[in-house]
Amino acid sequence: MKDTKKSDLTKTKRTPNLSERKKTKEWLERNPKVYKLTEELLGFLEEYREPSFPYGWFDRTESHVFKFGRDSVGPRLSIRCNQSDCTVTITLPNDNELLDDLGFSSSLKKPEQSKLKLKFEVESKNKASYEHLIKVLSTNLITPLSAGKHIDVDAIPEDKIDEAFDKIAESKNLDETEKDALVKVRIGQGKYRVALDDIWKGCALTGIKCRDLLRASHIKAWRDAEAHERLDPFNGLLLAAHLDALFDKGLISFDSNGFILISDLISETDLNKLSIDKSMQLKMPPETHEYMKCHREKYGFEH
């Protein structure tokens, strides 16, 4: 790469209209493969963009940048391209325990910020990078690229939430386990989660009330459910994390009276270690009975 004067690196005022960005437009047209990749990325991210949020193109001499977010303030995402790939850089305030798990690293220049860089190569499916990007976006740390604004999840129409579920289902970049994990993130927030809190008042089986220890699950699995069943809170269950894992795998279920049913695959030793016994019972709302019956049938508890 040739030496670039510092003045050449000065960012121009951004614009969402590529036709107003002559140098970038010409560069992309000379590099149609990376242009196609850029359009793919922008199309993917468009559903997460809040309409009034700053976004658009900059001109650069050696690379070309598209950015969502205010400059150097709050959550932001940029796409920088060269002839062989595009790098998506996500910058977030360094104040969330999820960042380490998501692969973010503290910025050397600004230790109060953390960054994640994901590379997308031309003429490639970029499966791993898209999976990683979806995991970050699904946390709502940056969705919908909000530059630190409060995101009112409860204000999102239910049909939009269901549409998001459908897009997860149609994704060819994720396997079923990863899709289920993203669905659990979605149903664990917003008004669906509030409705589950109201129905179950904590863990349905143990009564534990600490939210951080509870997980929200569908009873009739999301991929098996009709559209209206996916958003029905009576098809939801709040359980402590270890019980949720057992329920998701079909190792426990509940009979019509709410008593726990336990798979023969769990040994008595493990049951004792998990503090689970066959006398445990949950108080099941009438509207939940049919969903629980589906769960029992699916995992062989219904004879």
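**Entry 1: R80**

I started with R80, which counts as partly exposed because its relative accessibility is 39%. My cut-offs: buried is under 20% relative accessible area, exposed is over 50%, and partly exposed is in between (1.4 Å probe, protein chains only). R80 lies in strand β3. A note on naming: helices (H or I, at least four residues) and strands (E, at least two) are DSSP runs, numbered from the N terminus. I also checked R80 against H64: they are 16 residues apart along the chain, yet their C-alpha atoms are separated by 5.5 Å.

Before going on, I noted that this is a predicted model, where local features need pLDDT of at least 70 and side-chain atom pairs count only at pLDDT 80 or more, while totals for chains, interfaces and linings use all residues. Residues are numbered from 1 along each chain as its sequence is written, and side-chain values use heavy atoms, with hydrogens and water left out.

**Entry 2: the whole chain**

I counted 11 helices and 10 strands in the protein chain. How much of the chain is buried? Of its 303 residues, 44% count as buried. Its accessible surface comes to about 16,800 Å², and 50% of that belongs to carbon and sulfur atoms. Those areas come from the Shrake-Rupley method with a 1.4 Å probe, and for residues only the protein chains shown count as cover.

Then I looked at contacts, meaning heavy atoms within 4.5 Å. Among contacts between residues at least 6 apart in sequence, 60% join residues at least 24 apart.

**Entry 3: the sheet**

Next I traced an open sheet of 6 strands, in the order β1-β2-β3-β4-β6-β5, with antiparallel pairing. Two strands pair if DSSP finds at least two bridges between them. Which strands stand at the edges? They are β1 (55-58) and β5 (105-106), each with a single partner strand, so one side of each has no neighbour in the sheet.

I went through some of the pairs:

- β1 and β2 are antiparallel and pair over 4 bridges; G56 has K67 in β2 as its bridge partner.
- β2 and β3 run antiparallel and are joined by 5 bridges; H64 stands opposite C81 in β3.
- β5 and β6 run antiparallel with 2 bridges; S105 stands opposite K115 in β6.

**Entry 4: strand β2**

I stayed on β2 for a while. In β2, 5 of the 5 residues are buried, so the strand is largely enclosed by the rest of the structure. In a regular strand the side chains alternate between the two faces of the sheet. I saw H64, F66 and F68 point one way from β2, and V65 and K67 the other way.

I also looked for aromatic pairs and got 6 in the whole structure. Rings of Phe, Tyr and Trp (its six-membered ring) pair if their centres lie within 6.5 Å; planes under 30 degrees apart count as stacked, over 60 as edge-to-face and the rest as tilted. Y55, W57, F66 and F68 are linked into a cluster by ring pairs.

**Entry 5: the cores**

A nonpolar core is a set of buried Ala, Val, Leu, Ile, Met, Phe, Trp, Tyr and Cys residues joined through side-chain atoms within 4.5 Å. The largest one has 32 residues, and L77, I79, I90 and L133 touch the most other members. Elements giving it two or more residues include α1 (22-30), β3 (76-81) and α4 (127-138). Which element gives the most? That is α2, with 6 residues.

I zoomed in on L133: leaving out residues up to four places away in sequence, L133 touches F44, L45, L77, I90, L118 and F120. There is also a second, separate core of 28 residues, which includes A204, F254, I260 and M280.

**Entry 6: positive phi values**

Most residues other than glycine have a negative phi, and most peptide bonds are trans. I found E123 with phi near 55° and N126 with a positive phi of about 55°. E123 is in the loop between β6 and α4, and N126 has its place in the loop between β6 and α4 too. Are they buried or exposed? E123 is exposed, with a relative accessible area of 66%, while N126 counts as buried at 8%.

**Entry 7: helix α9**

Last, I checked α9 (residues 241-248), where L243, D244, L246 and F247 are buried. They cover an arc of only 165° around the axis, which puts them on the same side of α9. That arc is taken from the directions from the helix axis to the C-beta atoms. Just after α9, G250 has a positive phi of about 75°.
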